[in-house]
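Please open the model in your viewer and keep the sequence panel beside it. The stops below are meant to be selected one after another.

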Amino acid sequence: MTFELVSDYQPQGDQAQAIGKLSKSLSAGNCHQTLLGVTGSGKTFTMANLIAGQNNPVLIMSHNKTLAAQLYSEFKSFFPNNAVEYFVSYFDYYQPEAYIPRSDTYIEKDSSINDEIERLRLSTMGSLLTRKDTIVIASVSCIYGLGSPEDYENMMLPVHVGQTITREQFLEQLVGLLFERNDISFGRGQFRVRGDVVEIRPAYLEETAIRLEFFDNEIERISSIHSTSGKTIESLESHTFFPAKQFVSSSNKMKKAIVAIREEADACIEKFEKEGKLIEAQRLRMRTDYDLEMMAEMGFCQGIENYSRHITGRKPGARPYTLLDFFGRDFLLLVDESHVTIPQVRGMYEGDKSRKTVLVEHGFRLPSALDNRPLRFEEFMRMTGQRVYVSATPGPFEILNSRPENKNFIPVKSRREGGAPAVSALQIRSSGSTQNINEFNVTAPGTPLVVEQIIRPTGLLDPIITLRPLKGQIDETIELCRQRVEKQERVLVTTLTKRTAEDLSEYLKGVGLKVRYIHADIDAIERVEILRQLRNASIDVLVGINLLREGLDLPEVSLVCILDADKEGFLRNQTSLIQTAGRAARHMAGECVLFCDTVTDSIQTLINVSNIRRQRQQEHNDQHGITPTSVIRGLQQSLHTQEKQSADQLNRAIIGEDEVDYDKREVIAELEEQMREAASKLEFERAAHLRDQIKALQDKSY
């Protein structure tokens, strides 16, 4: 097994030395290593080169879906001949089940599942079980409960040409894999039967179905077909069917589980009745009876994950099976933006536990539901072996673990003038107990390290840091924006609240600037569209809060203005300031202006770090005769170009027919289908483009 890296580029700047040091550390068997790479230094390409030297599967974790999708796209292009998979939460919308005792309010679980992401999750599980050259880009969804890999693998159904099996036996096994028969609507996870021909649409394939043709009691022919047209794609000698659902189990295990669930329910109901909690007892009886009936008849029920402990045969309190179990013992973990991802992993367990405890106490769930949970942090650490933390601003956890010899490391932000450090040792909290961070230190031989990737392939320096007083910060911002706009450059402005971002946007529009704001209330596709408008100069200034940090690749931005920079806190700590300032690091004229009356510890850290990096970068450029160049990336065609077309031009561009033959509803339906397809493939810019075309047609009056 080999990972084949396909790229027209060679490592440049600090990339070569970073790849060499990290590869040596991994070969030495070290568990922890950190890549401290400045914004724009090509950390993703460095990660790709590390993967190319691996002989085991790779897990890349990111802290949100959008960045995970960006990484998925990049690694698909780097490794086209290997299995690159995408594993994130498959809910477009998710309202967890909850109960509020004070107001006696029960909130039923409500969710909207994204079928395409569910397909990608199933594809991930299948790839991990069948091939080692697998790269998985995942969010923290990978630490949540999943079906047993042993059950999933045991239920795989291989078939081959010439195999002796009756059609009825095959259909029975398909139903056991939770496929559903539907001879009319042929969706994922379904099959249809036409005489001796059975067509199955696996849940993990995109537009492909598998056709089996029987002759007597033998499989005569296997072929892959297009799921819509039915045209044959290719003939196959064999095929392996994976289960259609993520939570599957054998019939014997399911029968045992039903008995165990019934016993637990009876014991809990008896306990409630003895305590006089008759309402709770009735609730639990009704819920459990209904679920058990569905499991006995259908092999599945809504919320079956809450019974996962019984279905998988685990002991009370045992950790759940997760995606990590599908990797086996040896795999490499790359934690992207680790300063955000690691705390996110650490915080998942307690929140889930507190919500479900209330449900159990009031009879909405059995106590075993508590064992359907995310991993505790110490469980996550024990299940992962070698790790590379990747960030421009790695947190204390990463630094301390990658430098265990530095026992007295103290974050700069913890120091106070004229006094002792506020923090002398870092501790982590997990499952209600406090554990010293050194529990997770390196145990393998070799010296772990923090590798700095400071020199950019483009030769660009870190942005210049400028301090300005708070008084008149809005007027100063307006003038700075106008200066950059005249040069056809873009500006980011960060505020502390959503209300301020919206009000400032309106004010800047009033003085003639093209402005938009962006915050968490704006959906993912709309955010992508706003960023695209910024890049193509449809807007010149973007106002935001916390979203203008990790992961934004905006080469046209030359100025970042940070309002109220001395308001020390989450949005103005050293990590936030360094990350935000980095958004201007892809432009030759990059500058970050901080409006403040006091130079806080975080601001001073930003200045010190920037000065040191600029000095190293300038010395490297002088030594090698490098002339810095701004990053250049191609742009998609402007939406506004389409919007400025006349209605007739737009109609002809879309359907290519005379207006007499034009059926608007059919065209809109076709565009909506294309939009959904683009969104499912994570092509958010194209989806936004199609959405605006649909809106233009819907707004027309006939």
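What follows is a tour through strands, a charged patch and some salt bridges.

This is a predicted model, in which local features need pLDDT of at least 70 and side-chain atom pairs count only at pLDDT 80 or more, while totals for chains, interfaces and linings use all residues. Residues are numbered from 1 along each chain as its sequence is written, and side-chain values use heavy atoms, with hydrogens and water left out.

Begin by selecting strand 23, residues 490-494; strands here are DSSP runs (E, at least two residues), numbered from the N terminus. Five of its five residues are buried, where buried means under 20% relative accessible area, exposed over 50%, and partly exposed in between (1.4 Å probe, protein chains only). Arg490, Leu492 and Thr494 lie on one side of strand 23 and Val491 and Val493 on the other, and both faces are covered. In a regular strand the side chains alternate between the two faces of the sheet.

Strand 26 (residues 557-562) pairs with strand 23 in the parallel sense over five bridges, and Val557 of strand 26 stands opposite Arg490. Strand 25 (residues 541-544) also runs parallel to strand 23, joined to it by four bridges, with Val543 as the bridge partner of Val493.

Strand 10 runs parallel to strand 11 (residues 190-194) through two bridges, and Arg181 faces Phe191 in strand 11.

Within the loop between strand 13 (208-215) and strand 14 (218-226), select Asp216, which is exposed at a relative accessible area of 61%. Together with Asp196, Glu218 and Glu220, Asp216 forms a negative surface patch; such patches join like charges within 9 Å, from residues with over 30% relative accessible area and no salt bridge.

Finish with the salt bridges, defined as a side-chain nitrogen of Lys or Arg within 4 Å of a carboxyl oxygen of Asp or Glu, of which the count comes to 38. Arg131 and Asp133 form one of them, with the closest N and O atoms 2.8 Å apart; Arg131 is partly exposed at 35%, whereas Asp133 is buried at 11% relative accessibility. Lys567 and Asp564 meet in another, at 3.9 Å from N to O, and Asp564 is buried at 19%. Lastly, select Glu97, Arg287, Asp291 and Arg365, which salt bridges with shared partners join into one network.

Terms used:
Patches are made of residues with over 30% relative accessible area and no salt bridge: like charges are joined within 9 Å, nonpolar side chains (Val, Leu, Ile, Met, Phe, Trp, Tyr) within 5 Å. Accessible areas come from the Shrake-Rupley method with a 1.4 Å probe; for residues, only the protein chains shown count as cover. Lys and Arg count as positive and Asp and Glu as negative; His and the chain ends are not counted. The place of a charge is taken as NZ of Lys, CZ of Arg, CG of Asp or CD of Glu. Two strands pair if DSSP finds at least two bridges between them.
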